[in-house]
Amino acid sequence: MKIVFATNNKNKLAEIRDMLGDKIEVMSLADINCHEDIPETADTLEGNALQKARYVFDKYGMSCFADDTGLEVDALGGEPGVYSARYAGGEGHDSEANMAKLMQKLGDNDNRKARFRTVIALITGSGDDGVKLFEGVAEGDIIREKRGGEGFGYDPIFRPEGYDKTFAELGHEIKNKISHRARAVQKLVEYLKQASGNR
């Protein structure tokens, strides 16, 4: 089974291919020669994921899934949420600037509770039957200083529940089992296996 993952983020692609193994061939946007900037203008994670997947499905006619992930910090009213990748403003995704802004806004606040939430939108056909949403959540907290060199984004300051290490310290193998994306992908994989088995 071939499916497009609407991303060119090499980290995400490697993570997803790793989780899917060889059951399903996952192609990136570059693999299908899609080089345009797909809009992400919705104000929810679900909206952005659907927007990206629908763009590829409509334009290239291929089954596609897209994800959007946000870090939601309780003390900041759920910020940065849908704006996680560009929290600090400016062009592109500046992880260092994003983390710095988050730490500065949190300050000495003792409520460090946070969660990563991933929503995956899968589009395999037109109409409501061809659209499925999968959600994965990783609860945890924001530590007071960066730790670890693996991972990306906010991984060095996010410590998942039940662990004393950050995502950036745990390494890909453990993170890929317990992360928000892993949980959402697990649901996606189960659905795809079931769907391909029913043909």
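This is a predicted model: local features need pLDDT of at least 70, side-chain atom pairs count only at pLDDT 80 or more; totals for chains, interfaces and linings use all residues.
Colleague: Let me start with S28. Why is S28 called buried?

Modeller: Buried means under 20% relative accessible area. S28 has 4%, so it is buried. Its place is in the loop between β2 (25–27) and α2 (45–60).

Colleague: And which residues is S28 in contact with, leaving aside its neighbours within four places in sequence?

Modeller: Those are V4, F5, T7, N8, L13 and R17. One of them, L13, is itself listed as buried in helix α1 (residues 10–20), along with K12, E15, I16, M19 and L20.

Colleague: What makes you say that the buried residues of α1 line one face of the helix?

Modeller: Seen down the axis of α1, they fall within an arc of 165°, so they line one face. The face turned away from that buried side carries the exposed residues K10 and D18.

Colleague: How do you know that N9 caps the N-terminal end of α1?

Modeller: A side-chain oxygen of N9 lies 3.0 Å from the backbone nitrogen of K12. After α1 comes G21, whose phi is positive, near 60°.

Colleague: On to D68. What does UniProt list D68 for?

Modeller: An unreviewed UniProt entry lists D68 for "active site". That annotation may be inferred rather than shown by experiment. In the model, D68 is in strand β3 (residues 64–73).

Colleague: Is D68 buried or exposed, and how do you know?

Modeller: Its relative accessibility is 8%, and the limit for buried is under 20%, so D68 counts as buried. Leaving aside neighbours within four places in sequence, its contacts include E40, T44, K52, V82 and R117.

Colleague: What makes the pair of D68 and N48 a polar contact?

Modeller: The two side chains make that contact at 3.0 Å. The cut-off is 3.5 Å between N or O atoms, so the pair falls within the limit.

Colleague: Now the charged pairs. How many salt bridges does a search of the whole structure find?

Modeller: The search finds 17. One of them joins the side chains of E79 and K105, at 3.0 Å from N to O. E79 lies in strand β4 (residues 79–81) and K105 in helix α3 (residues 95–106), so the pair ties together parts that are 26 residues apart in sequence.

Colleague: Why does the pair of K113 and E139 count as a salt bridge?

Modeller: The closest N and O atoms are 3.4 Å apart, and the limit is within 4 Å, so the pair qualifies. K113 lies in strand β5 (residues 113–123) and E139 in strand β6 (residues 131–142), so parts 26 residues apart in sequence are tied together. K113 is partly exposed at 34%, and E139 is partly exposed at 26%.

Colleague: Where do R147 and E169 lie, given that the pair links distant parts of the chain?

Modeller: The side chains of R147 and E169 meet in a salt bridge at 3.1 Å, N to O. R147 is in the loop between β6 and β7 (158–160), while E169 is in helix α4 (residues 167–178), 22 residues apart.

Colleague: And which residues do salt bridges that share partners join into one network?

Modeller: That network consists of E46, E72, R117 and E135.

Notes: Residues are numbered from 1 along each chain as its sequence is written. Side-chain values use heavy atoms; hydrogens and water are left out. Helices (H or I, at least four residues) and strands (E, at least two) are DSSP runs, numbered from the N terminus. Buried means under 20% relative accessible area, exposed over 50%, partly exposed in between (1.4 Å probe, protein chains only). Contact means heavy atoms within 4.5 Å. The arc is that of the directions from the helix axis to the C-beta atoms. A polar contact is a pair of N or O atoms within 3.5 Å; within protein, one must be able to donate a hydrogen and the other to accept it, and residues adjacent in sequence count only if both atoms are side-chain atoms.
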